[in-house]
Amino acid sequence: MFGIVRPCRHRLGESLTSQWMAHLCGLCLALRKDHGQFARIVTNYDGLLISVLTEAQAGRGGAGAGRRTAGPCPLRGMRTASVAHGEGARLAAAVSLVLASAKVRDHVADGDGLLARRPVALAARRIATGWDAAGARGGGAVGFDTAVLVDAVDRQGGIEALAGPGTPLLTVTEPTETATAAAFAHTAHLAGRPENAAPLAEAGRLFGRLAHLLDAVEDREADAASGAWNPLAATGTPLAEARRLADDAVRGVRLALREAEFTDGRLVHRLLVHELGNSVDRAFGTVSCAHGSHPYAPPGSTPGAPGGPTPPEPPRRDRRGLLAGCAVWLGLACTCQMCCGTFEDPWSRQRRDGLCSNCDCGDCGDCGNCCDCCNCCGDGCDCGCDGCDCGCSC
């Protein structure tokens with residue numbers, strides 16, 4: 001999985017976590033259905049935003065959106081689940097394929113790792129070409145021309161070649177902005193809300209800017225060590241200026257979303273307002289973890305309270321047998337779920353946190369529970385620790 005929006009279930013809450021997982025699984029299954037088993041490797045957290053936006057505008061069962069029950073999967077502890085499907089998920093799959101192709105080509109151009117070897121690079125280019133074609137077919141099936149994405153990828157190389165000290169950083173991020181703006185805007189057409197196209201295009205443009213900026217910030221040291229091209233180093237942009245641009249983009253996304261109409265905008269608001277800010281903090285190293293399972297919770301704190309330990313779940317009686325549990329354990333281990341995220345214990349079926357689940361979820365500042373306030377507010381809420389007006393006590 002990759003992407004800049006990496007929410008934590010402790011911040012999302014049970015209801016929004018369930019919705020988010022429905023879109024993640026829906027993207028994965030859409031990739032498999034339309035483009036084959038191997039295509040599932042490009043499943044990513046940012047791509048599912050396309051599916052989220054479509055359903056938020058159309059509502060469940062509306063134009064371009066829907067839910068179905070998917071079969072057992074190792075990543076869900078071999079449980080069935082309600083997953084998103086329809087044109088929103090298919091568009092998300094097409095966009096993910098094209099952007100993953102661009103990422104592969106970028107790594108090949110930089111000669112990263114094994115891609116520095118010619119046979120491996122040739123194989124990677126062939127895979128990327130196949131993903132481009134598959135993305136074009138998938139996009140065409142839902143009325144979206146992926147040529148705008150391919151054109152942005154093609155222009156990116158030329159812009160980077162000409163960039164140097166003094167080149168505005170936003171000149172370098174423009175192709176990414178154009179690509180994401182087109183994808184976000186098309187969700188309005190799939191959902192039957194063409195009036196949302198303009199504000200969502202603006203939100204998408206700024207999201208693309210953020211994706212490019214944060215990728216550059218996170219790769220800065222590694223690129224310097226390997227000699228790879230980095231937009232911050234190439235243009236001579238100081239880190240403080242990159243942070244200013246990122247913060248402006250987060251504010252811009254919030255303002256753009258206010259202009260769009262949603263049937264249920266809670267998950268969109270959480271991901272594209274709150275989680276974008278957390279992503280910026282994480283990239284610039286200004287984030288701290290504050291959810292209940294943090295190992296440094298205050299001594300004597302109440303289970304389940306902010307900063308306190310998570311209360312244990314009651315024991316379950318529907319335990320698996322030895323062999324069935326071993327089979328589930330093998331599936332969880334092979335898919336890395338026992339390392340990342342949460343999973344169902346193979347034998348007891350109790351929910352467990354992965355080994356890496358001391359997550360990077362951010363503190364909401366000085367106002368305690370404010371990060372949970374958007375569970376009760378609409379998409380017009382000005383949530384945030386600088387003035388939440390949705391009823392929580394800051």
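Buried means under 20% relative accessible area, exposed means over 50%, and partly exposed lies in between (1.4 Å probe, protein chains only). This is a predicted model, in which local features need pLDDT of at least 70, side-chain atom pairs count only at pLDDT 80 or more, and totals for chains, interfaces and linings use all residues. Residues are numbered from 1 along each chain as its sequence is written, and side-chain values use heavy atoms, without hydrogens and water.

Q: Why is R209 called buried?
A: R209 has a relative accessible area of 12%. The limit is under 20%, so R209 counts as buried.

Q: What makes E177 and R209 a salt bridge?
A: The term needs a side-chain nitrogen of Lys or Arg within 4 Å of a carboxyl oxygen of Asp or Glu. The closest N and O atoms of E177 and R209 are 3.0 Å apart. The pair links distant parts of the chain, with E177 in helix α6 and R209 in helix α7, 32 residues apart. Helices here are DSSP runs (H or I, at least four residues), numbered from the N terminus.

Q: Is E177 buried or exposed?
A: E177 is buried, because its relative accessibility is 6%. E177, E202, R205 and R209 are linked in a network of salt bridges.

Q: How do you know that R155 pairs with D151?
A: Their closest N and O atoms are 3.0 Å apart. Both residues lie in helix α5 (residues 147-162), four residues apart, about one turn of the helix.

Q: Why is E174 called partly exposed?
A: The relative accessibility of E174 is 27%. That falls between 20% and 50%, so E174 is partly exposed.

Q: What makes D106, D110, D215 and E218 a patch of negative charge?
A: They gather on the surface. Patch residues have over 30% relative accessible area and no salt bridge; like charges are joined within 9 Å, and nonpolar side chains (Val, Leu, Ile, Met, Phe, Trp, Tyr) within 5 Å. Asp and Glu count as negative. E218 has 39% relative accessibility, so E218 counts as partly exposed.

Q: Which residues make the nonpolar surface patch?
A: F38, I41 and I127 make the patch, about 290 Å² in area. F38 sits in the loop between α1 (9-35) and α2 (48-58).

Conventions. Accessible areas come from the Shrake-Rupley method with a 1.4 Å probe; for residues, only the protein chains shown count as cover. The place of a charge is taken as NZ of Lys, CZ of Arg, CG of Asp or CD of Glu. Helices (H or I, at least four residues) and strands (E, at least two) are DSSP runs, numbered from the N terminus.
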